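Here's a guided look around a two-chain protein model. Grab the viewer and follow along.

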2 protein chains.
Amino acid sequence: MPKEFKIAKGVKDWYGKDAILRNEIKDALKRVFERYGYNPIETPMIERAETVKFKGGEEIQKEIFTLKDQGKRELALRFDQTLPLARFVASNKDVKFPFKRYVIGEVFRDGPTQPEQGRYRVFTQCDVDILGVKDMIAEAELLALAQDCFKELELGNITVKINNRKLLDGILEYSGVPDKDKFNAIIILDKMDKIGIEGVKKEINSLLPKNTVDKLIPTITKAKNNNETYKKLTEIISSKNGKQGLNEIKQLLDYSKSMGLDFIEFDPSLARGLDYYTGTTIEVYLKDKSVVKSAVLAGGRFDNMIGAFMGIKKEIPAVGFSFGLERIAMILKDIKKNIKLSNTELYLIPINTAKECLKIACSLRNNGLNVDMDLKEKRMGQAITYADSLGIPYVGIIGEDELKENSITIKNLKTREQNKIKINEVCKYLKAK
Amino acid sequence: MPKEFKIAKGVKDWYGKDAILRNEIKDALKRVFERYGYNPIETPMIERAETVKFKGGEEIQKEIFTLKDQGKRELALRFDQTLPLARFVASNKDVKFPFKRYVIGEVFRDGPTQPEQGRYRVFTQCDVDILGVKDMIAEAELLALAQDCFKELELGNITVKINNRKLLDGILEYSGVPDKDKFNAIIILDKMDKIGIEGVKKEINSLLPKNTVDKLIPTITKAKNNNETYKKLTEIISSKNGKQGLNEIKQLLDYSKSMGLDFIEFDPSLARGLDYYTGTTIEVYLKDKSVVKSAVLAGGRFDNMIGAFMGIKKEIPAVGFSFGLERIAMILKDIKKNIKLSNTELYLIPINTAKECLKIACSLRNNGLNVDMDLKEKRMGQAITYADSLGIPYVGIIGEDELKENSITIKNLKTREQNKIKINEVCKYLKAK
């Protein structure tokens, strides 16, 4: 195959098992999102470049795919689902608050790829957000939703980490980090799950003086439980912002407790490397990190973004998070035994009865069965091998005898069991299996 | 709102009714595609520029969005779903033939937009294709599938037009169109449904000499029924290619007849303005053209494309078509009375019972109900107005009395009927409605 026709770098085709699994995950997430009262919206993959570049640090700017239309307008492919949401809400007078929406769709990042961690240049983010609720009850609802999503997907046990950007600001201030270095420090802290505490210390030592680092590291280190961590920080954090952050954490822990969500871990080192967060930050990890080490869900509060898009100072409370479809799929592919290879339930094999078989196939389909048929009139053995290789569980043979008797010879490809079944009873017969 | 943050030109946000309707259409199409034995694949939105530009005429080249990655590689956003499919199959040794796949996803065209006909720069194509079947039985199955899709969507009566590119070549040859003008003539013929026969005549007169046009126009004009059209053409078409095309048309009409698909119209003027078709061409229109005049489904046979991608001369039979999601949605929005505004079934209003209500909401959700709740503790009147404006059919009031009695006061927002229902009976009560 000529080289110029290869797939582009950093992207992937999903087919067979993978494609079916991706659809199952999307459907499961949609079900849970809608159960919580979130409704769908779809924003376009192409935005004005200014929209996508808004609020992104230097690192992000480099990874934005930009392009021009025939009218020479500067455009960009969306980098995440959050900026398009803010742009949508800011420009849309119909929106009623609180506004709860979900979106499942591709985002684009022109950065390094890491297929073994589910990281591609085009990947799918599944986002839920609540706009217009300042109280931590919004976060509590989202955490309950996250738990239900993981249950619905049978993903295994999770660790939910929470922190608060106001508190983190307070901690940085307390530790003596100058304003100009604050966001860079946050970017380094955000690498914790990739490079570990030693890696973080090393990088942060080259940004900040030793005495600052010596104060910062113990302060962001969590105590033996949420209460202890909270107590420790209330004793040292004195800035208004920092105190407000601690207060928000306390409220969220209270709500979570009353909902029975007892798996939440308050971790003051949790950072999230995006500039736009203003309050709660959230990351969810699988307890079993053998397949995917990184967060499978992440997000937080961004109360200033929508107002900024509107060009006004007004705060419009907003909080949400994003599931990474590729990572969830990697995990499920590892732990699930029976991922379907095909959605087809029955493969019809006509023996010189193609025209009649076309009609029979349609009538079975009208009864709700997923039916494929041999369109090439292969030899029976070949046709069976084909159906089997596709993962279709049953074949149905239709020769002249079967036609006369209004029947199909149904063969289970696993057990090799074979029965002649009346056409109008085939659906019932297969559904009972 | 600052101008630089407006939505990009030619694209659209889908929300509320529109977004719910789009999901319903996608789900319905997926159901039918899988019933016919097609399995999902997803190819990336970004391909090498060479892949997307392959086989496109000049008009198409202009409308391809191109971009570069950080490594200066020439990339393009996919223009359709067919070229990526061919690239995928050509590069993938796992593929077993026949290969039947569907895809539902966005494609990108940097051309003029026409929102009133559902034409945008980013739009969604829902494609089904069969690869590896040369016989017209593949087309017959696809036409049956198309009919079932239109039924499932309750889209109303349709007209299916078929033609054959080999035959059209034969007709152009018979009429005396020189080889170099053939594809330009096809592009003009393809405008028939936009500019009508008079418009076509006018444009084609400036391409071809009068005696050629005088021979061509009557030849592509259909007779009073399929048999007559076929008979008329067999009498005059003598090229091998043209005869083969006629023969394929006859086979397809025979299959269709034996399946009871009696709404198919053989129209020798049907062109399809893409270079890659090699046999059957198909377009489906709604009988009622008051909302959408253009085709809602279109496609055909492209037996040479995959071999070309592989850099070999081998023919790999391929046929398929594409539903335009935006157009289907426009039609349904026009004819359907009850498109849902929200998927939420119940809106809970806590009266100083927010924490308890969070828990109750979760337990109802676990029973499969789509539940939203007032997270802002609004006044009851406000909360009811909000739920009503969102199109949620029921509200459930939870005050201290209800808590004591393990009940919710359920109010139907349409009839204003109100009943106190035990919490564990709420799902049954609402599902029975």
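Let's start with Lys72(A), which is exposed, with a relative accessible area of 65% (exposed means over 50%, buried under 20%, partly exposed in between, using a 1.4 Å probe and protein chains only). Lys72(A) sits in the loop between strand S3 (66-68) and strand S4 (74-77) of chain A. Helices (H or I, at least four residues) and strands (E, at least two) are DSSP runs, numbered from the N terminus. The phi of Lys72(A) is near 65°, a positive value in a residue other than glycine. Why notice that? Most residues other than glycine have a negative phi.

Asn352(A) also has a positive phi, about 60°, although it is not a glycine. Look for Asn352(A) in the loop between strand S12 (346-350) and helix H14 (354-366) of chain A. With 63% relative accessibility, Asn352(A) counts as exposed.

## A note on the model

This is a predicted model: local features need pLDDT of at least 70, side-chain atom pairs count only at pLDDT 80 or more, and totals for chains, interfaces and linings use all residues. Residues are numbered from 1 along each chain as its sequence is written, chains are lettered from A and ligands numbered from 1 in the order in which they are written, and side-chain values use heavy atoms, leaving out hydrogens and water.

## Cis peptide bonds

Most peptide bonds are trans. In chain A, though, the bond from Phe97(A) to Pro98(A) is cis, with omega near -10°. Pro98(A) belongs to the loop between helix H4 (82-90) and strand S5 (99-108).

Now hop over to chain B: Phe97(B) and Pro98(B) are joined by a cis peptide bond, with omega about -10°. Here Pro98(B) lies in the loop between helix H4 (82-90) and strand S5 (99-108) of chain B.

How many cavities of 30 Å³ or more does the structure hold? There are five. On a 1 Å grid over the protein atoms alone, a cavity is a set of points where a 1.4 Å probe fits but cannot get out, and lining residues have an atom within 4 Å of a point. Points are joined across faces, edges and corners, and the volume is the space filled by probe spheres set on them.

The largest cavity has a volume of about 730 Å³. It has 42 lining residues, and the closest to its centre are Lys26(A), Ile104(A), Lys26(B), Ile104(B) and Glu106(B). H1(B) gives the largest share of this lining, six residues. The lining splits into 19 nonpolar, eight polar and 15 charged residues (Ala, Val, Leu, Ile, Met, Phe, Trp, Tyr, Cys and Pro are nonpolar; Asp, Glu, Lys and Arg are charged; the others, Gly among them, are polar). The second largest cavity has a volume of about 90 Å³.

## Where the chains meet

The contact (heavy atoms within 4.5 Å) takes 107 residues from chain A and 106 from chain B. Together the chains bury about 8,800 Å², 58% of it on carbon and sulfur atoms; buried area is the accessible area (1.4 Å probe) that two parts lose on being put together, summed over both. On the chain A side, Phe5(A), Glu42(A) and Leu375(A) lose the most area to chain B.

Across this interface there are 14 salt bridges (a side-chain nitrogen of Lys or Arg within 4 Å of a carboxyl oxygen of Asp or Glu). One of them links Arg121(B) to Asp69(A), with the closest N and O atoms 2.9 Å apart.

Notes:
On a 1 Å grid over the protein atoms alone, a cavity is a set of points where a 1.4 Å probe fits but cannot get out, and a pocket is an open set with protein on both sides within 12 Å along at least five of seven lines; lining residues have an atom within 4 Å of a point.
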